[in-house]
Amino acid sequence: MNGCGWCTDNPVRRVMIGEVVGRERMGTAMSLDVGASNATRMIGPALGGFLLAWTGIQGAFILSVLMYCTALWAVLTIRSRIPRTAGSGAVLAQIAEGLALVRTDKRLIGVLVVTVVYNIFAWPFTSMIPVIGRDRLHLGPEGVGLLASLDGVGAFVGALLLALWLTPRWYGRAYLCGVICYLIMVVMFALEQSPALAGAALLLTGLGGAGFATMQATLVYLAAPAEMRSRILGVLTVCIGTGPIGFVWLGWLADRIGSHNATAVTGVLGLLAMAATWRWWKEI
C-alpha cells in the first residue's frame, strides 16, 4: 500500500515542482527537495535507535503511528484547486506513450538504464546497514541508529552543495559520478570493520546519492517535451520500481555468504553493470 501511494507521489510531485520553478531552476529546486527529504533521514534513524533502546519496539511503533496520523490529518485538510488535465486517459496507455518517446531519445534511455542499475545494485544495501552494524561492527541499537543516519547526513549536505554551486552543464556528470561513488562506497562500507570508517563510507554514499537523486528527475524533466513530462516521469517511477529485485537478491545472498560479503558483492556487480551499459549512458 505504501508503494502504491509513493508511485503516485513521485512523478506528480516532480512535475509540480518543475511547473512552479521553471526549467532554469529545476536543478536547484530538486536539490532542495532532496535535501528536505534527507533531513528526515538524518533524524529518523538516530531517533529510532534511541527509542528502541529506551522503550523497546513498542515505543518506536507508537511514535510512527502518531506521525502517520498527523500526516493523514494534514492530507485530509488540503483543498485542491488543480484543474483536470485535458486529454488524460488510461494509465497503461500513457505509460506506453512514454516508452515510445523514450526509445527515440538517447539521453532518456541512459538515465533510465542507470536508474535500474542503481535500484537493483546500490539502493538495497540500506537494508543491510542495521545487520552489518549489529553483527559485524558490534553496535547496540543507539549505535546502529546513528550509523544509519550518516547516509542521510551526507545526502543532506550533498543536496545543499548542489543547490548552491551546480550548473546545468554539470548535471550529467553529477548524476553519473554520484552513482559510481555510491557503489564504490557501498563496497567500502561492507568491508570495513571500524565503525568510524564505515560511518565515513556512509557519509560518502549520501553525497553520491544526492547527486543521483537530484539529477535523476532533473535530467528527465529537461529532456522530455512539456506535454510528455508526466508520462516520462511515470516511466522513471516504473524503473525505480525494480528495486525489490535488488532487495530480494541481496537478502537471498546474505543468507548464504553473510550480510557484509553479500553487500560487497552486490556493489561490485553494480560497478560491472555500469561498465557493461556504458554505451547507453555515455550520451547523458
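Predicted model: local features only at pLDDT ≥ 70, side-chain atom pairs only at ≥ 80, totals over all residues.
Author: Local features need pLDDT of at least 70 and side-chain atom pairs 80 or more, while totals for chains, interfaces and linings use all residues. Residues are numbered from 1 along each chain, and side-chain values use heavy atoms, without hydrogens and water.

Reader: Why is Glu142 called partly exposed?

Author: Buried means under 20% relative accessible area, exposed over 50%, and partly exposed in between (1.4 Å probe, protein chains only). Glu142 has 29%, so it is partly exposed. This residue lies in helix α7 (residues 141-165).

Reader: Why is the pair of Phe125 and Phe189 called edge-to-face?

Author: Rings of Phe, Tyr and Trp (its six-membered ring) pair if their centres lie within 6.5 Å; planes under 30 degrees apart are stacked, over 60 edge-to-face, the rest tilted. Seven aromatic pairs are found in the whole structure. Here the centres are 5.8 Å apart and the planes at 70°, so the pair is edge-to-face. The two residues are 64 apart in the chain.

Reader: How do you know whether Phe125 is buried or exposed?

Author: Phe125 has 2% relative accessibility, so it counts as buried. Phe189, at 0%, also counts as buried.

How values were computed: Helix = DSSP H or I, 4+ residues; strand = E, 2+ residues; numbered from the N terminus.
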